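Thanks for coming. I will go through one structure, from the overall fold to the contacts between its parts.

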Amino acid sequence: MKEELIEYIKKEFVEDPDEEIDETTLLISSGLIDSLSIVSLVAFIDKKLGVKIPDEKGVVENFETVNKIIETINECKK
Amino acid sequence: MSNIGSYEERCKDFDWSIAKKELSYKEGDPINIGYYCSDRNCELGLGSKLALIWEGFTGEQKKFTFEDLKIHSNSFAHLLNKKLGLKSGERIVVFMDKIPELYFSFLGILKMGGIAVPLFSAFGEDSLLTRLQNCNASAVLTTRKLVPRIRKIKDRLPDLRHVVIMSEDENIPLKEREMAFSYSKAPRIESFESFPATAETPSVLHYTSGTTGQPKGALHVHASIFSQYLTAKWVLDLRPDDIYWCTADPGWVTGTSYGIIGPWSLGITQVVLDGGFVPEKWYELIQKHKITVWYSAPTAIRMLMKAGKEIVKKFDLTSLRHLCSVGEPLNPEAVIWSEEVYGLPFHDTWWQTETGCILVSNYPGMKIKPGSMGKAFPGITAAVLSHEFEPITEKNKPGLLALRPPWPSIFRTYWNNKNGYESKFKNGWYITGDRSSIDEDGYFWFMGRDDDVINVAGHLVGPFEIESVLLEHEAVAESAAIGKPDSINMEVVKAFVALKTGFQPTDDLELSIMNFIRKKLSSIAMPQEIEFVDSLPKTRSGKIMRRVLRAQERGEPVGDLSTLEND
């Protein structure tokens, strides 16, 4: 799951091919992903990972890092 | 006692000469915003006062005095005018994140008499191309991170002579027409003779979306400083000892009128955070720098509300003394919540790219009616008009919000679009495109747009620009973009898409189209939802009836369908 998320973020949000993203990279603070773009990640998680993220969980705090996203996904799976 | 004092007293015999006098300006004098925001403050003895406290998203901090602002803006002015040979009146685009160079270069462009064209750093290549082509930009100032987007479109910009990339490293790989520049390594320019702009000399070009066509460049002039100075003083109540934070990006008019010109013409210290929205970081910033005046947007406030009250308790926000908001109507719940949680209500302010400054507002000391835009700024005649462009005198009856020109910061034209500019004026009124009503006490109440423009988180997006790019997607045959109500962003974009033969409405395709728009235009323009349809409601002449889609989306009556094309 981590690799799939990182790959998606790199493909859709990172313009510099040499820029590295890992599970601790700050996504929101850095401006790489903004609150309006979160829906793209939520849609990806729904369609590709089969997990629905409800609106109340689709907040910037839960998308600040890949680790945080995974934590949110796991909470939603329960 | 607030700077404005009694609003009613200020309204009597108001004249913009108040601002001119305080800025030591006499009719016919040269006036240069760049000079006023930097050099003049040094001449007034504020050279060692902090002008800019900048913080990056990693917590890195840089501080600059007004003397620094003068020197660094001189560096940019010198580079652009003396080294690159750019002349007054040439359009110079600033395409950067909120880094110090953005602020220095903006003032530098004004100092050398250029027209600054600040563009939001999240713009994709199509958004950039439209604007750069429209204004025939001569130069772009950008960064290593963002220059790839300029490179993709450079070949379609024959007037673009210079791309200046901010970089400490002069040996970065450069392409044709590019150069690297570092303000910190550039020779120190103690003095730069500012271009002798007059009140009507063009200063800034801000692009704004309309209901038809591509975004239009609203042109401002150096006289706008009179409006921005006085409204910053009376509405934002900025005082010499304030630490001010305007959260807006200078790619939008709020970020220049009140993120640069207003506060710095007053000699105020301001904080800039270059980073995305994270509630803890925002509160930490207020605490750390003891911010006193905070100017933000309803979308951000609603996100802070969503983050909750508990997180606020972890921070000391007692430095705050005045809060204002801008961009979209501030819902009453937000006003009440901020008073409860911060101890202060947000004061909603209303204005537009075309107005250049705040024109309807809630003022310090004036009773706030939560949800109301407030009252007209002293000296401003605001009204609601019928569709025959006559004032409606009946209280609480909605109509077209209109303003009686002139005021110093009103836009002077849409760049290369005289017809579009002239269409905004009827019967001597500037027609804002917003609908409003006025209550018995003279308070204005926002009632929505009078056209198809979508307001996403305080930023206007035109449906045409979204639909145009949707048509570039291989799968899309036809499309319509409307605003869908959203509890946080006020509206978000929803797109209706009819597919070409051979394409199926799958989840993958929906995601592909969303990301396509985001990368070509911006995340603001990206549809948050796509509905695949067989066809779109159109008039017999083929015009898409967005209002029908909008009404259906909102569960409202669809109105007159007599012009609807029959299937």
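Predicted model: local features only at pLDDT ≥ 70, side-chain atom pairs only at ≥ 80, totals over all residues.

Residues are numbered from 1 along each chain as its sequence is written, and chains are lettered from A and ligands numbered from 1 in the order in which they are written.

Overall dimensions next. The C-alpha atoms of chain B fill a box of roughly 70 × 60 × 50 Å along the principal axes. Chain B has 17 helices and 27 strands, counted as DSSP runs of H or I with at least four residues and of E with at least two, numbered from the N terminus. Two residues are in contact if their C-beta atoms, placed from the backbone, lie within 7 Å. Of the contacts in chain B between residues at least 6 apart in sequence, 67% join residues at least 24 apart.

Now the core. A nonpolar core is a set of buried Ala, Val, Leu, Ile, Met, Phe, Trp, Tyr and Cys residues joined through C-beta atoms within 7 Å. The largest one has 184 residues, and B:Ile92, B:Val93 and B:Leu359 have the most contacts inside it. Domain 1 (65–221) and domain 2 (454–554) of chain B both contribute residues, so this core lies between them; the bounds come from an automatic or database domain assignment. Beyond four places in sequence, the contacts of B:Leu359 include B:Trp350, B:Trp351, B:Phe377 and B:Leu403.

How far apart are the centres of domain 1 and domain 2 of chain B? Over C-alpha atoms, 32 Å separate them. Their contact takes 15 residues from domain 1 of chain B and eleven from domain 2 of chain B. Helix H7 (residues 125–135) of chain B gives the largest share of the domain 1 side, three residues.

Last, the other chain. The contact takes 24 residues from chain B and 21 from chain A. On the chain B side, helices H11 (279–289), H12 (298–307) and H16 (507–520) each supply at least two residues, and H16(B) gives the largest share, six.

How values were computed. Buried ≥ 20, exposed ≤ 12 C-beta atoms within 10 Å, placed from the backbone.
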